[in-house]
Amino acid sequence: MGTRRIREEGLRVSSTTEQTRRTAPPQRPGDRVFGGLSLGAALLILATLAGVAIFLTVQGIPGITASPEEVKYDTTFLRYVGPLVFGTLWAAALALVLAAPVAIGVALFISHYAPRRLAQPIGYVIDLLAAVPSVVYGAWGMVTLAAAIQPVYLWLEEHLGFIPLFAGPASATGRTILTAALVLAIMILPIMTAICREIFLQTPRLHEEAALALGATRWEMTRMAVFPYARSGIVSAAMLALGRALGETMAVAMVLSASGVISLNLISSTNPSTIAANIAHSFKEASGLTVNGLIATGLVLFVITFAVNFAARAIVDRRKEFSGAN
Amino acid sequence: MAKSIDVTDLNIYYGDFLAVQDVNITIPARAVTAFIGPSGCGKSTFLRSLNRMHEVIRGAYVDGKVLVDGEDLYAQEMDPVNVRRKIGMVFQRPNPFPTMSIAENVLAGQRLNSKRMKKSEADDVVEQSLRRAGLWAEVKERLDRPGSSLSGGQQQRLCIARAIAVEPEVLLMDEPCSALDPISTSVIEDLIHELKNDYTIVIVTHNMQQAARVSDQTAFFNLAGVGQPGRLVELGPTEKMFANPDDPATEAYIQGRFG
């Protein structure tokens, strides 16, 4: 007890010096301003997101609970949104499957294979693809691509018709879900390529040399050092691209001739629509609870996009220890 | 397994720039040869030319001959990939593949040779290589952990295990201890002593005491001035080089008067 009291007194005695030592060092005004700005920016994002979520929920719930007689689409919300969810996921997944290998290949070519004189122009051209407005892609897909690719669909029906994906009957206009997915793939190519390129370029020279010194060819070096290191980045790039494909409205609305079915058939004239394209199509003529229903489909899209991002995080985190970040 | 290296009239260029001029040296098998010299004298460049790793930099080439057991590494039909499979290298900073486990790191070279191995065979290679690298006791319980979970010195020994797992003819070491603490350094130096029974070892070091401790033969590289090519100034048995070198520049460097 005695020693404790002494110690406490000692603490009290030294508390003045202690206090001066503990106060935070003086902050420069520049630091304070910048800290405030970045905090503000972060909060703004959260506020915007919360605002969107609240709007979608408040406006959407009446649409979800509305009975079939009250809305233009004459059915319950779940039955209405089901095919749309399927179409959205199906088109986006197809687009990702088509775009990912190309994006990774182009990024790898730019970062590791192309001579420097060629690499830069190709990079610019790819970036330029991102600057084309989606309505232009839509017009091109609807007018040019659909017509050009229609004979291919006929061929697919004839020769690969036994696979359900190509069962046919082939669309006469070519405006199928596969055409829409192709347009989407081209649209998501730039962002995926750009991110993959940046990540491939960041592969530590040390690891590349380790592989080469073991007697790796260039491709083996890529598989040993570049891809594993870039794994989480590739997943992130794919997810950003997928997010864009899920939400893309104009191009899909223009290209796709939709009829609200659930079908895996890639080349027929009856295609599922996507949530975003369906909203664009239906919003103008909608009124009352139908509007709420459409907003509710938007809420579903919002939730899907969130889920996709969470899934991507989970994939990236699963092998965190092996990521090379430590 | 261990082979000697004969270098005649080797010039190393980066584009138009002559980096190393006119090297003639014989590196004996089953011995440690150390390269010392001030920064920029071309000792690392020369080391990397011994397994054609310097060619990783665009525009790099050599003229002259590098014979490993009579075979010219720079012959027309020689593929640098095959050269590197026979001549292993350990780098300045430990560079285990972070995305692979400890065991996978050791087997990385084997997998490149696309040898199909049974599980038991692969386990043997892992154990043998890690034992020879003096790391087995420390990692045998956690072979499936990432290589990057080890300390710096352990990582460097893992890299040595990875290099010797493919039974190379020569082992090149480019300042293997310069990023390590003194205790890890001495572990690796002991390891070099043991490895020289089986391998031809060439080590570049910035640390003259290290050269004195580990090597049988020492080569001193120097350059006449900035922008001048590096040259091999003197080569001799390590004791003689440190006690009684022939060249005044060698003596000045070893006594710490420059560099």
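**Exercise 1. Determine the handedness of the crossing of helix 3 of chain A and helix 6 of chain A, then describe their packing.**

Solution. The crossing is right-handed; that is, the near helix is turned clockwise from the far one by less than a right angle. The model is predicted: local features need pLDDT of at least 70, side-chain atom pairs count only at pLDDT 80 or more, and totals for chains, interfaces and linings use all residues. Residues are numbered from 1 along each chain as its sequence is written, while chains are lettered from A and ligands numbered from 1 in the order in which they are written.

Next, take the geometry. Helix 3 spans residues 77–113 and helix 6 spans residues 177–201 of chain A; helices (H or I, at least four residues) and strands (E, at least two) are DSSP runs, numbered from the N terminus. Their axes lie 6 Å apart at an angle of about 35 degrees, with axes fitted to C-alpha atoms over the stretch in contact and angles running from 0 to 180 degrees between N-to-C directions.

Last, sort the contact by class: 28 nonpolar, three polar and one charged residues. Here Ala, Val, Leu, Ile, Met, Phe, Trp, Tyr, Cys and Pro count as nonpolar, Asp, Glu, Lys and Arg as charged, and the others, Gly among them, as polar.

**Exercise 2. Find which residues touch Ala95(A), leaving out those up to four places away in sequence.**

Solution. With contact meaning C-beta atoms, placed from the backbone, within 7 Å, the list is Ala181(A), Leu184(A), Ala185(A), Ile188(A) and Ala245(A).

**Exercise 3. State how helix 3 of chain B is covered, and by what.**

Solution. Ten of the eleven residues of this helix are buried, meaning 20 or more other C-beta atoms within 10 Å of their own. Among them are Ile102(B), Glu104(B) and Leu112(B). These buried residues pack against helix 8 (218–247) of chain A, and also against helix 4 (119–132), helix 5 (136–139) and helix 6 (152–164) of chain B.

**Exercise 4. Identify the pairing partners of strand 1 of chain B.**

Solution. Strand 1 (residues 5–14) pairs with strand 2 (residues 17–27) of chain B in the antiparallel sense over seven bridges; pairing requires at least two DSSP bridges. In that pairing, Val7(B) has Ile25(B) as its bridge partner. Two residues lie between the strands of this hairpin, where Gly15(B) takes a positive phi near 60 degrees.

Then turn to strand 4 (residues 60–68) of chain B, which is joined antiparallel to strand 1 by eight bridges. Asp6(B) stands opposite Leu67(B) in strand 4 of chain B.

Terms used: Buried ≥ 20, exposed ≤ 12 C-beta atoms within 10 Å, placed from the backbone. Contact = placed C-beta atoms within 7 Å.
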